[in-house]
Amino acid sequence: MAPPDPTSGRPDALAFVLLLTVLSLPFYVLGATVGADLLPGVPVSALMAACPAIAALVLAERRSKGGAVRLLARLTDGALVRPFAWWAAISLLPLAVVLPPGGPEFAALAPASLLLLLALTAGFLLPAAAEELGWTGWLQSALQVQGGWILAGLIGGLARAIWHLIPWAQGGRDAPWIAGQCAFTIAARLILSFLYARAGPSVAAAALFHAAVNGAVFWLPAVGGVYDPWAAAAAATAACVLLPLGRRALTK
C-alpha cells in the first residue's frame with residue numbers, strides 16, 4: 001500500500017529532479033571554484049544537501065496551500081510510536097553495512113569511540129534530514145505510487161548517485177571509488193525504500209539511517225578502518241535480499 005501523500009495530490013518525480021538540478025548548479029560551481037574541503041573528501045559543493053528539502057517544499061506548497069507544512073510534518077510522523085526493534089535496526093544496520101569484511105582491530109570499540117560514532121551521527125543528522133525530506137518524503141512517495149518500492153529504490157538511488165557525481169569527483173575520488181559508491185548508493189536507497197514502504201513510512205527513520213551511514217564512514221579511520229564502497233555495496237545488496245525476510249520482526 002502506498003504511503004499517505006502529504007500534498008493532496010500525487011507528487012511529481014520529474015519536477016523534483018529538474019528543480020533539484022537547478023538548485024544544485026550553484027553549489028557545483030562553488031565546489032569547482034573553492035579548493036577547500038568541509039571534511040576530508042567532502043567539497044563545499046556538499047552544501048547542496050539542503051537542496052532536496054527546498055525543492056520538495058517548493059513543489060509541495062505549489063501543489064496545495066499549506067503543503068510545505070504538511071510535508072515538514074513527515075519528519076516526525078510515527079517517530080514516537082516505533083518499537084525498539086525498529087530503531088535498533090535503523091541504528092545498527094548502517095554500521096553492519098559499512099564495516100569492511102574482517103574489519104580493523106576494533107580495540108577502539110570502547111566507550112570513547114562509541115561516543116565519537118554517536119557524535120558523528122548526530123552531526124550528520126540535520127543535513128541527512130534535509131536530503132531525506134526530498135528523497136524520501138517527496139520522491140519516494142511519487143515513485144512508489146507509480147511502480148512499487150523496488151522501482152522507487154532503483155530510480156531514486158540512481159538519481160541520487162548521479163546527483164553526487166560532481167561532488168565526489170571534486171572531493172578527489174577516483175573512478176573505481178565513484179563506481180562503487182554509485183552501487184552502494186543504489187543499494188542503500190533500496191533498503192530505505194523497503195523500510196519506508198513495508199515497515200511503515202517514516203522520514204525520520206530514513207534520516208537516521210542516512211546520518212548513521214555517514215557517521216560510520218567518517219568513524220572508521222578513527223578506529224583503524226578504511227571505508228570500501230564496493231564492500232559496502234555488496235553488504236547493502238545482501239541486506240536488500242534479507243530485509244524482506246525479516247519484515248515481520250521489524251513490524252512487531
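Trainee: Which helices and strands each supply at least two residues of the lining of the largest pocket?
Mentor: Bear in mind that this is a predicted model. The elements are β1 (37-39), β2 (42-43), α5, α6 and α7 (203-219).

Trainee: Which one gives the largest share of that lining?
Mentor: That is α5, with twelve residues.

Trainee: And how many residues line the pocket in total?
Mentor: The lining has 39 residues. Nearest the centre are V42, F124, H164, N214 and F218.

Trainee: How much space is in there?
Mentor: About 980 Å³ in the largest pocket.

Trainee: Let's take H164. Where is it?
Mentor: H164 belongs to helix α5.

Trainee: Buried or exposed?
Mentor: H164 counts as buried, because its relative accessibility is 12% and the cut-off for buried is under 20%.

Trainee: What does the side chain of H164 reach?
Mentor: The backbone oxygen of R160, at 2.9 Å.

Trainee: Switching to α6. How many residues does it have, and how far does it reach?
Mentor: α6 has 24 residues. From first C-alpha to last it reaches 34 Å, close to the 34 Å expected at 1.5 Å a residue.

Trainee: Why is α6 called largely enclosed?
Mentor: Because 18 of its 24 residues are buried, α6 is largely enclosed by the rest of the structure.

Trainee: What caps its N-terminal end?
Mentor: D174 does. One of its side-chain oxygens lies 2.9 Å from the backbone nitrogen of W177.

Trainee: What sits over the ring of W177?
Mentor: The charged end of R173, 4.3 Å from the ring centre.

Trainee: Which aromatic cluster is W177 in?
Mentor: W177 clusters with W168, F184 and Y227.

Trainee: How many aromatic pairs are there?
Mentor: The count is seven aromatic pairs. W149 and F194 form one that is edge-to-face. Their ring centres are 5.3 Å apart, with 65 degrees between the planes.

Trainee: Why does that one count as edge-to-face?
Mentor: Because the angle is 65 degrees, and planes over 60 degrees apart count as edge-to-face.

Trainee: Where do W149 and F194 sit in the chain?
Mentor: W149 is in helix α5 (residues 111-170), and F194 is in helix α6 (residues 175-198). They are 45 residues apart, and the pair links distant parts of the chain.

Trainee: Are those two buried or exposed?
Mentor: Both W149 and F194 are buried.

Key:
Residues numbered from 1 in each chain as written. Predicted model: local features only at pLDDT ≥ 70, side-chain atom pairs only at ≥ 80, totals over all residues. Heavy atoms only, no water. Phe/Tyr/Trp six-rings, centres within 6.5 Å; stacked < 30°, edge-to-face > 60°. Helix = DSSP H or I, 4+ residues; strand = E, 2+ residues; numbered from the N terminus. Buried < 20%, exposed > 50% of the residue type's maximum accessible area, 1.4 Å probe, protein only. Lys NZ or Arg CZ within 6 Å of the ring centre and 35° of its normal. Expected span 1.5 Å × (residues − 1). Polar contact = N/O pair within 3.5 Å; in protein donor to acceptor, adjacent residues only side chain to side chain. 1 Å grid on protein atoms, 1.4 Å probe; cavity = no way out; pocket = protein on both sides within 12 Å on 5 of 7 lines; lining within 4 Å. Points joined across faces, edges and corners; volume = space filled by probe spheres on them.
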